[in-house]
Amino acid sequence: MKIHLTTVAGAFVEVLPHMLEHYRTHGVESFLVNAHVGSAADPALDRIRQITGEFGCGVHSITCGPWLQDVNPSIYERSRSALPDDWFILADQDELQLYPGDLRVILEQCDAKGYDYVEGGFIDRIASDGGFAPVLHDRSIWEQFPLGGYISTPILDANPNKIVAAKGHVKLVPGQHAALSGRGCPVEECYVEVHHFKWVAGIIERLEHRAAFYKEQNDPLWKESAKFLDYVRAHHGRIDLTGPLLHIAPCSPRHPSWDIVKRLCWSTARARYWSPPMRGAASSD
């Protein structure tokens with residue numbers, strides 16, 4: 001069994017070197033890095049080429065155009081469609097998954113039981129002072145952002161659930177927050193920590209741009225970004241480490257209260273976002 005990783009990289013890619021190395025150490029053999037940039041002259045494309053060249057996988061595909069919600073799902077699907085029965089790890093460039101056991105063994109067990117996908121939930125990683133630190137390339141990213149918590153839902157009202165691994169034929173909603181086909185591994189058997197390194201230097205400016213863009217498109221996703229911006233302004237430019245709903249704690253690298261956060265992610269996604277036929281369409285990426 002060959003395990004592929006497919007990702008889409010674009011506006012911000014400084015976590016990408018850490019992310020690629022993380023999955024290589026976990027047994028991933030094939031890396032499909034798809035660039036989604038504003039234009040062929042976008043400087044982000046040169047940075048993606050540099051990172052993937054140094055890693056040794058290169059750029060799998062290039063898509064130019066606005067970062068719309070119906071574009072990224074098609075990129076993910078296109079990169080998986082040629083191998084419908086293979087397993088793909090699905091991760092944005094700032095998502096580092098931690099499995100509860102050996103990745104290959106878990107996927108082999110899913111094959112044996114007829115499961116087509118595996119779910120997980122966000123652990124949002126932040127700097128020790130609650131601020132937004134730059135990502136350094138010569139230091140462990142786990143050490144740079146040692147705290148983790150349940151942040152995306154209480155602050156942004158975003159969906160914390162993710163499809164972390166899926167067969168190539170499985171249909172997904174935007175943001176990989178839910179599957180529209182296939183048979184999922186029960187969360188009681190496996191639910192994966194998705195450590196989310198989004199809250200880093202430059203995030204405020206990116207969310208300001210994102211909110212303005214989606215508002216102009218009449219897409220309600222602008223409200224997620226606006227909620228976080230309002231929160232940060234109200235908390236002096238930082239995340240409040242004492243917020244009782246955020247469950248912030250030091251991680252090494254796992255969250256010490258993962259069982260609590262897991263229940264919150266799983267129950268919140270199902271109670272608030274799952275309504276057939278389109279489940280979990282809200283995006284927190």
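Trainee: Which residues of helix α1 are buried?
Mentor: First, the ground rules: numbering starts from 1 along each chain as its sequence is written, and side-chain values use heavy atoms, without hydrogens or water. As the model is predicted, local features need pLDDT of at least 70 and side-chain atom pairs 80 or more, while totals for chains, interfaces and linings use all residues. Helices are DSSP runs of H or I, at least four residues, numbered from the N terminus, and buried means under 20% relative accessible area with a 1.4 Å probe, protein chains only. In α1, residues 16–25, the buried ones are Leu16, His18, Met19, Leu20, His22 and Tyr23.

Trainee: And what is Leu20 in contact with, leaving aside neighbours within four places in sequence?
Mentor: Leu20 is among the residues with the most contacts inside the largest nonpolar core, which has 46 residues. Such a core is a set of buried Ala, Val, Leu, Ile, Met, Phe, Trp, Tyr and Cys residues joined through side-chain atoms within 4.5 Å. Contact means heavy atoms within 4.5 Å, and for Leu20 that gives Leu5, Phe31, Val33, Ile51 and Phe55.

Trainee: How many disulfides does the structure hold?
Mentor: A disulfide here is a pair of cysteine sulfur atoms within 2.5 Å. The sulfur of Cys110 has its closest cysteine sulfur in Cys185, but that's 4.4 Å away, so too far for a bond. For Cys265, the nearest cysteine sulfur, in Cys251, is 12 Å away. The count is zero.

Note on methods: Buried < 20%, exposed > 50% of the residue type's maximum accessible area, 1.4 Å probe, protein only. Helix = DSSP H or I, 4+ residues; strand = E, 2+ residues; numbered from the N terminus.
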